[in-house]
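Hi there,

Here is the structure I promised to pass on. Have a look at it first, and then read on for my notes.

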Amino acid sequence: MKFEEWEPLYEEILAYFAFEREGDEEAARVLAGLLSRDDLPALRALIEGKTVTVCGNAPCLPDEIEEIEGTVLAADAAAEVLAARGVRPDAVFTDLDGATDVLIEMNRAGTIVVVHAHGDNIPLVRNWTPRFVGPLVGTTQAAPFGRIHNFGGFSDGDRAAFTAHALGATAVRFVGFDLDDTGVDPVKRGKLAWARRLLALLGHDL
Ligand SMILES: Nc1ncnc2c1ncn2[C@@H]1O[C@H](COP(=O)(O)OP(=O)(O)OP(=O)(O)O)[C@@H](O)[C@H]1O
Ligand SMILES: Nc1nc2c(c(=O)[nH]1)N=C(CO)CN2
Ligand SMILES: [Mg+2]
């Protein structure tokens, strides 16, 4: 999704969660200052013309691993659930709130880490980004610039799906998504409701 199309949705999301755009913009500048490369071509090569499976971190994920096909995109902590079961994702979309040393090791082994900077994760961006030695891509939910991309989407799972569409996946599948999960806090419920609305715009009825 182009930023012009994303921006009105983004403004609505900011108002819904009472997040501030200035914080997101500052976070994007911090991330830009820490990135010495842009591995978007490698991410595109994994996705363009391929079937892609986006793995969310709902409790059902371990039971759905057999359904994974094609390129594996993990949403944040879903990466660890997969790794514990012998699946190293091709890319992990993360705002780093679920980051552990397992992510550093995956990245060293070749997993592309798509680091998302926003107004509430600046310390995490500062701490973790310099530790990744493997392929990295930087994203923002505000306006893109330089090495900082915005393909649309808000939370880690829906951003992965928007990226898959933007980079030319032929099919996008989902495992580990339960957007009606009642075992989450109210903010997370809001994020899952937004995920449903945003994914519907891509034609996915979750
Ligand atoms: N029931 C669910 N619980 C958690 N995540 C889910 C669920 N269903 C789908 N997902 C997807 O899995 C992704 C990764 O989950 P995780 O709990 O690591 O979330 P997150 O996006 O890092 O959340 P946040 O950063 O808001 O705390 C979510 O972004 C969401 O798109
Ligand atoms: N400002 C802000 N932006 C976000 C946040 C958040 O908590 N704060 N959480 C997200 C979910 O991955 C995505 N974007
Ligand atoms: Mg996260």
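Which element gives the most to the shell around ligand 1? That is α9, with four residues. Helices here are DSSP runs of H or I with at least four residues, strands are runs of E with at least two, and both are numbered from the N terminus.

Some housekeeping before the rest: this is a predicted model, in which local features need pLDDT of at least 70, side-chain atom pairs count only at pLDDT 80 or more, and totals for chains, interfaces and linings use all residues. Residues are numbered from 1 along each chain as its sequence is written, while chains are lettered from A and ligands numbered from 1 in the order in which they are written.

**The two ligands**

Ligand 1 is surrounded by 23 residues, of which G56, N57, D76, G157 and D181 are the closest. A residue is taken as near a molecule if its C-beta atom, placed from the backbone, lies within 6 Å of it. Two or more residues of this shell come from each of α8 (156-166) and α9 (186-201). Sorted by class, the shell holds nine nonpolar, five polar and nine charged residues. In this sorting, Ala, Val, Leu, Ile, Met, Phe, Trp, Tyr, Cys and Pro are nonpolar, Asp, Glu, Lys and Arg are charged, and the others, Gly among them, are polar.

Around ligand 2 you will find F19, G23, D24, D95, H118, G119, D120, Q141, F154, S155, D156 and K191. That shell divides into two nonpolar, five polar and five charged residues.

**α8 and α9**

How do these two helices lie? Their axes come within 9 Å and cross at roughly 10 degrees. The axes are lines fitted to C-alpha atoms over the stretch in contact, with angles from 0 to 180 degrees between N-to-C directions. Angles under 35 degrees count as roughly parallel, and α8 and α9 are therefore roughly parallel to each other. G157, D158 and A161 in α8 meet A195, L198 and L199 in α9, a contact being two C-beta atoms, placed from the backbone, within 7 Å. The residues of this contact are four nonpolar, one polar and one charged.

α8 is also mostly covered, with nine of its 11 residues buried. Buried means 20 or more other C-beta atoms within 10 Å of the residue's own, exposed means 12 or fewer, and partly exposed is in between, again with C-beta atoms placed from the backbone. Among the buried residues of α8 are D156, G157 and D158. G168, with a positive phi near 90 degrees, follows this helix.

**Two residues with positive phi**

Most residues other than glycine have a negative phi. A18, in the loop between α1 and α2 (21-34), has a positive phi near 55 degrees. D76, in the loop between β2 (71-75) and α5 (78-83), has a positive phi of about 45 degrees. Are they buried or exposed? A18 is exposed, because it has 6 other C-beta atoms within 10 Å, whereas D76 is buried, with 24.

**One more buried loop residue**

D90 lies in the loop between α5 and β3 (91-94) and is buried, with 20 other C-beta atoms within 10 Å. Leaving aside neighbours within four places in sequence, D90 is in contact with L46, T71, V72, L73, T111 and I112.

Best wishes

Note on methods: Parallel < 35°, antiparallel > 145°, perpendicular 65-115°, else oblique.
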